[in-house]
Amino acid sequence: MKKLSGIIVFLLIVLDVYLLGKILIGGKNVQILNPQGFVALQERNLIYLAVALMLIGAIPVFIMAIFVGRKYHANNTNAAYSPDWDHHHGLQIFFWGFLITIMSALSVIVWVAAHQLDPHVALEPDKKPFVVQVFALRYKWLFVYPQQGIASVNYVEFPEKTPLTFEITASDTPMTSFWIPQLGGQIYAMSGMATQTHLIADTVGQYRGASSEINGDGYADMVFTAHSVTKSDFAAWAKRVKHSPNKLTYDSFKKLSQPSIPAQVTFYSSTPDNLFTTIVMQYMAHPSTGAQAKSETMSGMNGMSK
Amino acid sequence: MNWKEFILGKLTWNDLPHEWFTLGGTGAFVVLAIGLAIFLTYFKRWKWLWNEWLTSTDPKKIGVMYIAVAFFMFLRGGLDALMIWSQQVLGASNMPGFLGAQHGYLSADHFQQIFTAHGDIMVFFVTMGFLFGLINLVVPLQIGARDLAFPFLNSLGFWLYFAGVLLINMFFVLGGQFGATGWLAVAPLSELQFHPGVGVDYWIWSLQVSGLGTLIGGINFVVTILKMRAPGMTLMRMPMFTWTSLMSMMLVITIFPILAMTIALLTMDRYFGTHFFTLNNGGNQMMYWNLIWMWGHPEVYVLIIPSFGIYSEIVSTFSKKKIFGYPSLVAAAAGITLLSFAVWLHHFFTMGAGADVNSFFGIMTMFIAIPTGLQIINWLFTLFRGRIQFVSPIYWFFGMVSTFTFGGMAGILMAVPPIDFQVHNSLFLVAHFHTTIVGGALFGIFAGFTYWFPKFTGFRLHETLGKYAFWTWLVGFFISFVPLYILGFMGATRRLDHYAASTGWQPLFLTALVGICILALAVGIQILQLIVSIVKRKELRDTTGGDPWDGHTLEWATTSPPPFYNYAVIPEVHGRDAWWEMKKQGTAHKPVKYHDLELPKNTPMGIYIAGFIFLFGVAMTFHATLFSLIGLFGAVTCAFIRAFDDHSEYILPAAEVEKIENRLRKK
């Protein structure tokens, strides 16, 4: 009876592991394990490597736990019993040494990987990157393409196989984070601060983009589509957007940055100069009271855009 | 300022309960209060409650009160969990909303308030409460002390904790909203610009007040452990639970001032228009994140380190062996304590610090795995060549090995900055910290509760039901949290009240909800276990005179339950497993000569001070100046009165002690 239940439990565990593996590695919804860009691929491989290294430490622990639990059961009076055995120099040195070795190996990996996959580092320094400026607003994402002079809301399109530079800031919102899981890791978008990340898409495709940091009521609506297309498709798209009737000005930016949910995908055929720098610097403008500083900055901006 | 504002502040009729959840919450409190009042009146227990319990300075009674309050908050936090997950199941975009919500049945704002409250309650008022309860119960007995160094401060600390509990629930009755900011109220989201309502203010005062109580408790226990050990108990002879409690409380007194200061700065921003963490006028939002995590990361170690001590006690007792590698275990606890200060930045690798900074904090975080792993290995080697009795505390231990290890591995993954960029703030993270806190800290607390229960009641918990509860917990645990790891890899972020159905997340959310329902069943079995044990207490009675498990440490030397003075004669300690050695050498239960004992008197001052501070907290939340002043003045006055009270102790004559001892020993 006991043996049978043991076999059943074992089979159930095998089934679970199989199902888990199937979901994780086979499921195409599992974005982080199905990367579509160089950065995300490196990050995924790093996950596998780290898990493998940790299993070197964890598997003996599990085996030991099962062994000890079965063998030294109080009913088993044949097993050795040494109630006063409480210290062994060699073993202690071995435990510490073993764990320190594994963790040191991982530390080296951390150091190398953190530098290699530092979001500040450009992917192919000799190639001219495709630049997108990202503005986190409440509760939407504005993407400005300075090289094309166009902009889009909650939708970003870029050419495949081209190194991408995302310059990221936010306006009048608590911290959010900019994340396209299938292309690579996230980075915070902060009002008054500029961050950046470098990504690349290896193929054409539509990827889910999101924020992982709560910034208010509409946080769950901070999602966007990242669309990777061929170079010629991108050129055609940019041309079409150029004919869009909407123009992004400091006025329409101000309107857009008012809290709203859910935001429509919108395209703008023109953008004001220096928008990114102005928005990053807006909180430095006037050391007077908050409300005044805001309106003055905004009117100042309007002047600049004319 | 007009008179009405001076007296009532922002309070209006609209702040009274009128939504379904505020009415429900208030109603539940009223029913609970009336039920309690009827019970106490019917059994004529009012005086007993006041004299024997509420005003007590006995750490054993305060410990029981901590555990009772923490348990009620556990149910409250669990209800929050059920609401969070049912919303996430119903929040898929292909399902219609109801009860006036656009998605599911909760509005985004309400949903965010619930997970904020869930986090705060589970950390501050459940885990911390259980922890302080167990430490209060066990540590004085383990070190052979009659009382704490500062018995009154212990009572005050508990009542401040209770005031915090009331403050975090007070929004049901007045105001109708809690902070919708996440459990740490990160700035600038918690600033007036984004949260002008009273919700964040409730958060501020609830945590500030209970944090003060925690700090007081921490100081008390550090002094008690360092100064009040029985003769012969050197530091390296202290039981492991005492060691880990000492480490945890050292952490408390180091980090809780940081929390108090951070909240104070946020308070100044919100109340006096300063700009520490605002967006404009030079405020620095990133500073808040650094400060709150400088407190926040060590805080999770405050929660878990005592549980490590509990596991140490349990594996040793139930394998009938000395603990293996004691010096290593002490070094490990100290190592975790120290390292926990150097890792806070791993909570925001994604803020854009350079690779050097990120690597440093990542590597420091990984190093924590060294002492933690070492503990698990040493526990297994304690069991090695032992005679393991498979009672429920050992079940919880093995449960911890099978859950916490995965949680730890997930933690190491997230310590690698580039991996963290992919899983940060996703449900992978949520799964990770639930695995460590539930599988590590809470399982330890359950184990400790079962282990020490007979010491304080004189009877054991029902064993079979305990094992049912364990298995239900374990199964429910995996069904709830494994889907979250997968969801994290699917790119699902935490705190979403709705999501596109095309993401394919809904089945996994549903699985997790099923898991939580199983966990609710497990808690139900635990309640049943408690009730059955009390009903069958005659059958389950501990007939061994206070040592039902053949324990190693001093707490098993007293009777069960111990007399209010713990030890008639302070035991003398000659080795590490003091009580075990005494039993082996036949020096236990020697006839003794009794002396007069000096003991602390009961005092209601803790209740009065905490009551005034509670009033202060509620009044400040509504900017009601008059009542704030009354609260503050009342608290300070009571503290003064108490400070000049020279008659806080009394003498228990030797003859009386002898009488009590004879009665207890005969039983």
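Domain bounds here come from an automatic or database domain assignment, and the model shown is predicted.

**View 1. The two assigned domains of chain A.** The assignment divides chain A into domain 1 (31–72 + 92–118) and domain 2 (130–305). Taken over C-alpha atoms, the centres of domain 1 of chain A and domain 2 of chain A are separated by 37 Å.

**View 2. Contact between domain 1 and domain 2 of chain A.** Domain 1 of chain A places 10 residues in contact with 13 residues of domain 2 of chain A. On the side of domain 1 of chain A that touches domain 2 of chain A, five residues are nonpolar, four polar and one charged.

**View 3. Contact between chain A and chain B.** Chain A contributes 73 residues to the contact, and chain B contributes 73 residues. On the side of chain A that touches chain B, at least two residues each come from α1 (2–26), α2 (38–71), α3 (89–116), β7 (184–189) and α7 (290–305) of chain A. The element that gives the most to this side is α3(A), with 13 residues. By class, the side of chain A that touches chain B comprises 44 nonpolar, 22 polar and seven charged residues.

**View 4. Helix α12 of chain B.** Helix α12 (residues 369–383) of chain B has 15 residues, so at 1.5 Å a residue it should span 21 Å. α12(B) is mostly covered, with 15 of its 15 residues buried. Just after α12(B), B:Arg385 adopts a positive phi of about 60°.

How values were computed:
Residues are numbered from 1 along each chain as its sequence is written. Chains are lettered from A and ligands numbered from 1 in the order in which they are written. This is a predicted model: local features need pLDDT of at least 70, side-chain atom pairs count only at pLDDT 80 or more; totals for chains, interfaces and linings use all residues. Helices (H or I, at least four residues) and strands (E, at least two) are DSSP runs, numbered from the N terminus. The expected span of a helix is 1.5 Å times one less than its number of residues. A residue is buried if 20 or more other C-beta atoms lie within 10 Å of its own, exposed if 12 or fewer, and partly exposed in between; C-beta atoms are placed from the backbone. Two residues are in contact if their C-beta atoms, placed from the backbone, lie within 7 Å. Ala, Val, Leu, Ile, Met, Phe, Trp, Tyr, Cys and Pro count as nonpolar, Asp, Glu, Lys and Arg as charged, and the others, Gly among them, as polar.
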